[in-house]
Every structure is written in structure tokens, then in C-alpha cells.
Amino acid sequence: MRDGPLPCGRLTARQALAAVADTYTELAAPDGPRGPRTAPGSGDEAPPRASVAPDGPLGWYGYDDARARARERTGEDESVVTALATIGGTEAVVLSFEFRYLGGSLGERTGDRLEAAYTEARERRLPVVSLIATGGSRMQEGMRALSQLQRVSRQSADNRAAGLAQIAVLRDPTTGGGWATLGAAADVILALPGAQIGFAGSRVRPPDADPRAYCAEGQLASGQIDAVVPPDLLRGTLQRWLRLLRPSAQSGGRAAAPAPPPEALGAPDLPDTGWGAVLRARDARRPRAEAYLRAYFDDWEEIGGDRCGGVDPGIRCGFGHRDGRTIAFAAQCGTATRPAGFRTAARLVRLADRLGVPVLTLVDTPGAANDAEAERAGAGAAIADAFAALATARVPVTSLLIGEGGSGGALALAAPDRLWATPDSYFSVIAPELAAAILKRDEGQVRETADQLRIRPQDLLELGVIRAIVPPAPDRR
């Protein structure tokens, strides 16, 4: 180990492990290449493996010497170290890449180790944490190396199907197939500041490419990762995420009790008129999602972005602790919800469903964004995806209307048959002003239209749209 600290993205594999783990025990390396498990004569057998041949499967001149130099330089005999670790009291299988070993590249033996580690995680029912620093697939092994991406993807999918969380930490650099499999496929993606991230490495991207598109901060802005975490905060952040997502934190898995609806934080009395309900819900002083999240959760962590190039600051999604258990949340913040917001919420609900975590949604939007940019970004498909995610969730979803309930943009985050409302909220098929305009009424009839739409909380209860009007918190009664 060299004297002094290394740059945060260029820690050795073992330094990166030690930086986040309380303790760890290295997993034994597989005896030899295993490859896909298929029955002989099935027609699906993998071609013969030849990584033990001189200079690898391609007979690449000097490859054995390059590996020998990498072993001497790093003390490692492959580009990844796999370990059973304890992070903040939570056990996890950790994959830590050694960039100084041939650029952290993936070869056949790397695939063997990754497959064995994922299998260990499934057998032990543990999450996987990947500390990634790689330039991609190993050229000296050609297509044999590239095909490891399929092995890794299959293992990741198997762990996903088993309801086990996967967290990726993107170190510098994370490019090529390592980003497109271990990184981008994770449930939660954290990155170190300034880390180079992208499918294209620095030597193969277009010469006039915007460098920001290939760094952690740019990927965060485009919704591809969840957070950029400084090195001194990474350990604590991982500890919190693992406590939130560990299977043992859930009692009963998908049979877990629903999240209780939050208590009302705003006005305790009910509105007299429909237009009065609208004015109260639009009041800037009314409590918003931030206030409800703070009152409801002991602590929480958030995911960000739709993984499709978009971020909506008007929606907050994540996982929080309440009374010792984990509850997922998707909360609208009172603005028009953009396509990226609906996709992020759908992503949150599906992740919670897979992990067996109950969901709470806070509904508060004047409606879905309807500008030209929103249409180009696929507003209809994004809203449909949010509807589908809630409709098919196997975990219980609890929804609370805390302000404006504007048409389908609000209904997309409202759980079918499990919606509550606060006294200072309303829900309408369309905004009263727009309803009056469509019906060719003059502006003076907007108030009458609001009453006719029956949008007050007490109207919604009588119509069977909501289950109940939640009472105010004790200090507001």
C-alpha cells in the first residue's frame, strides 16, 4: 500500500473495501471457469473455454506477461476482489474492482468470480454492493471477454428476481460493459464526485463530445444515477441504504402491513364551497411534501431520475424508516408533474414491490405537465406506466391527497381503493377554470362550476372516491 491517500476514484480494490466495510472476508476464487450451466447435447452448450491456454483464448501475444506484471504491481491475480462484508452492521456481498489490474477490465476469470459472488448472495439472501472501477471488457480475450456481460446480466437478473437489493458505487472510471451491466442495472446508483461514467471510454468517444455527459455530475443531471456522494460520506450513505433495503428489515415480505396514512398538517376544518377548497389547496402556506415526509419518517434516503434522461424536481421518491420498518414513498411537490417524474415514481413502486416494501404516495399536483416538451418526452406513456405500476403492485400502497388533485396527473399516483384526503385538499376531473372554458361558460361561472364538480374532501368521501378524511395531528386539533 502506498503512503498517503489515493484519489477517491483510484483507491485499490482492498482500500475501497476497507473504506466502506466494518469487516470483510474475501470469498474464495472459483476453481476454474464455469460458464453457462446447460445440459450436454441440449444444443445450448457454451463453446469450449480456453482461458488457460498460453496468452489466453485468442493467443494474444504478450497477454500472459501483461497479467504477470499486473499481479506484481497490484498483488492481485484478477481485476475484482469479492468479499462477504459487514457494513454498518448489515451483511452484504461486495464486489470491488482493481483498476490497476489491466484497467479493471472484465475477462473470463472476472466473470467466474462475479458469478460465484452473485450466487453466494442468493444463497445467503444478501444484497450486493459493487464498488466499480473499470474500463470495460478485456480486449486480449476478444468475444470471450465481451460475453461475460451476458453472464453478469443473468446473475444480476437472478438476484433481482430473488428480491435482493443491488447497490452500485461508481468510482473513477466506470465505462463500457461495467457501466452497462453492474452499474446501470443496480437498484440504487451512487457515484463519487468527478468520476468518469459512460458507455464510451475517453479514447473512443467523439472528439467534440461534451465532457459533462461522461461525468458523475452530468449523469446525475440527466437522471441516470441517484446521487453523487463525497468520499467521506459514502460509508454512512451505504449503511443507511443497506438498513433500508435489507430483506430482514421487512416483516412478512409482501404480506407486510400497509403504511398508515399520515395525519393532516394543514387546516383542520372542511371547506364550505368547491372554490374554497381550490383556494385552500393552492395557498402557498399550505404544508407540502417536505413537511409531510419530515413528520412521517425518522430518516430517509432518496432515489433520483428516471434512468431515461430526465429528472423532475417536483417529485421525491425514496425509502424511509418509520417505527422500525421501511416504507417506500413517492411524493408530488405541488407542481405540474413531468414525464420524468411519473417514470421515477413507477420505478420506485416497482422496486418496492420487488423488495416487499409497502408504499406511501403523496398526491399534490395541478396536473400533468402539458407543454410541447412534455409531449416530446412521452407524457402519455409515462403516465400510463405510473398507472400500471400502482395497478399491478403486490405490496400494499397507501395514498394521501395533501393538496391539489389535478385530473389524471394526480390520479396516476393514487392507489386504487386506498386513497385518503386531508381537509385542505381537492380532487377534480379537471381544473374548474378549464371546465368552464370547455363548457363555454364565462369567468363568472368558475365558482359555480367548482361546486358542480363536487371536488371537496367531504364530496369525495360521499362519492366513494376516498376512504376517509384524515384527522389533523394532535397539536393542530
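Trainee: How many residues in the lining of the largest cavity are nonpolar, polar and charged?

Mentor: In this predicted model, the lining of the largest cavity divides into six nonpolar, two polar and no charged residues. Ala, Val, Leu, Ile, Met, Phe, Trp, Tyr, Cys and Pro count as nonpolar, Asp, Glu, Lys and Arg as charged, and the others, Gly among them, as polar. Local features need pLDDT of at least 70 and side-chain atom pairs pLDDT 80 or more, while totals for chains, interfaces and linings use all residues. Residues are numbered from 1 along each chain as its sequence is written, and side-chain values use heavy atoms, without hydrogens and water.

Trainee: How is a cavity found, and which residues line the largest cavity?

Mentor: Rolling a probe the size of a water molecule over the atoms shows where empty space is left. On a 1 Å grid over the protein atoms alone, a cavity is a set of points where a 1.4 Å probe fits but cannot get out; a pocket is an open set with protein on both sides within 12 Å along at least five of seven lines; and lining residues have an atom within 4 Å of a point. Here Tyr118, Val128, Ser130, Gln166, Ile167, Ala168, Leu182 and Ala186 line the largest cavity. Its volume is about 30 Å³, counted as the space filled by probe spheres set on the points, with grid points joined across faces, edges and corners.

Trainee: Which strand gives the largest share of that lining?

Mentor: Strand E5 does, with three residues. Helices (H or I, at least four residues) and strands (E, at least two) are DSSP runs, numbered from the N terminus. E5 (166-175) also joins helix H6 (176-183) in the lining of the largest pocket, each supplying at least two residues.

Trainee: What is the volume of that pocket, and which residues are closest to its centre?

Mentor: The largest pocket holds about 690 Å³ of space. Among its 24 lining residues, Gly135, Gly136, Ser137, Met139 and Thr175 are the closest to the centre.

Trainee: Now a helix: which residues of H10 are buried?

Mentor: Buried means under 20% relative accessible area, exposed over 50%, partly exposed in between (1.4 Å probe, protein chains only). In H10 (residues 289-296), the buried ones are Ala289, Tyr292, Leu293 and Tyr296. Seen down the helix axis, they fall within an arc of 100 degrees, so they line one face of H10; the arc is that of the directions from the axis to the C-beta atoms. On the face turned away from the buried side sit the exposed residues Arg294 and Ala295.
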